[in-house]
Amino acid sequence: MMLAALGDERAFAELVRRRQGSIRGLLRKLCRDATLADDLAQETFVQAWRMLSQLRQAGAFGGWLKQVAVRIWLQHARRAKLLLDPLEDAEAITAPDVTGAIDLQRALDRLNPPQRLCVVLSYGEGLSHGEIADATGWPLGTVKSHVARGGARLKEWLKP
Amino acid sequence: MSDDSDLIRLFAEDDSAISDEAFVSAVSARIRMRQYAVLAVPTLLTALLLAAVWATWPAAYVFSTSVMSGLATLGAMVGTLANSQLGMTVALTLVATGLLWAWLFERFVARD
């Protein structure tokens, strides 16, 4: 970690090797397209390489890297106009048109992007509502609402 | 599914290990490309500037000397103003406005 922060490319490649699973997994849950998710994951590591010297505590690298990934995804979502209104009422979302149980990824794909992000960070990554608000820059109340509504929808859709 | 813990468990079960060397190589290649770009862009701009100077000589010489002398005159005027009471007042007003603007921006815009 220290070597990577000093510009050692081989040390950073080892960090990428160890952390790629969690970052690619996180972004694949957020994106519907695995290729796009991997592209954003690569961009996450490039940004991390550029900003590594700003990281104060080596032990916080994992959480910091996830924050970078969230920022990269949010930038992509804004460019793709996926976040036209993060406060939009999620009631407009339709339930899956399949009967019976569906898998987690398909259920996540049905959530609107802000809800998907909040649900994945809360249930998948174990972040608190405050940490999600910090990572996304959204108000705490909005985050709580997205987690509650998105979580309730997932539970409903994933009923056995 | 009714409990949060069921959902958390489902997320944990869904975490398949994604890991391959091609991804590491792709990240390294992307970093190398950015490093080359950081070096290449200023080099290219300098080369283009030199080519433009060579192509337009002596007009480039006349233009650059007149720009330099204009800048020197402007610098002397700013120096004279900065040493006057009016100059100090203007500078302080500008700094205060800048600080106020930065505070207002941080307070009302950046948090949106």
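Tutor: We may begin with confidence, since the model is predicted. In chain A, pLDDT stays under 50 over residues 97–101, and the model has four contacts beyond four places in sequence for this stretch.

Student: What is the mean pLDDT of chain A, and which other stretch falls below 50?

Tutor: The mean for chain A is 83, and 83% of its residues reach 70 or more. Over residues 85–93 of chain A the pLDDT is below 50, and this stretch has 19 contacts in the model beyond near neighbours in sequence. Where pLDDT is low, predicted coordinates should not be read in detail.

Student: Why are α7(A) and α8(A) called roughly perpendicular?

Tutor: Helix α7 (residues 129–136) of chain A packs against helix α8 (residues 140–157) of chain A at an angle of about 115°, and their axes lie 9 Å apart. The term roughly perpendicular covers angles from 65 to 115 degrees, and α7(A) and α8(A) are therefore given that name. The crossing of α7(A) over α8(A) is right-handed.

Student: Which residues make the contact of α7(A) with α8(A)?

Tutor: From α7(A) come H129(A), G130(A), I132(A), A133(A) and T136(A), which meet L140(A), V143(A), K144(A) and V147(A) of α8(A). These residues divide into five nonpolar, three polar and one charged.

Student: What makes α2(A) and α2(B) oblique to each other?

Tutor: Helix α2 (residues 9–30) of chain A and helix α2 (residues 21–56) of chain B have axes that come within 9 Å and cross at roughly 125°. Roughly perpendicular ends at 115 degrees and roughly antiparallel applies over 145, so the pair α2(A) and α2(B) is classed as oblique. Here too the crossing is described, and α2(A) passes α2(B) in a right-handed sense.

Student: Where do α2(A) and α2(B) meet?

Tutor: On α2(A) the contact includes F12(A), A13(A), V16(A) and R17(A), while on α2(B) it includes F23(B), V24(B), V27(B) and I31(B). The residues of this contact divide into seven nonpolar, three polar and five charged.

Student: How many residues does each chain bring to the contact between chain A and chain B, and what area is buried?

Tutor: Chain A brings 31 residues and chain B brings 24 residues. The buried area is about 2,600 Å², with 61% given by carbon and sulfur atoms. Of the area that chain A buries against chain B, Q42(A), Y123(A) and K155(A) supply 25%, more than any other three residues.

Conventions:
Residues numbered from 1 in each chain as written. Chains lettered and ligands numbered in written order. Predicted model: local features only at pLDDT ≥ 70, side-chain atom pairs only at ≥ 80, totals over all residues. Heavy atoms only, no water. Axes fitted to C-alpha atoms, helices over the stretch in contact; angles between N-to-C directions. Helix = DSSP H or I, 4+ residues; strand = E, 2+ residues; numbered from the N terminus. Parallel < 35°, antiparallel > 145°, perpendicular 65-115°, else oblique. Left-handed = near helix turned anticlockwise from the far one by under 90°. Contact = heavy atoms within 4.5 Å. Nonpolar A, V, L, I, M, F, W, Y, C, P; charged D, E, K, R; others polar. pLDDT = per-residue confidence, 0-100. Buried area = accessible area lost by both parts, 1.4 Å probe.
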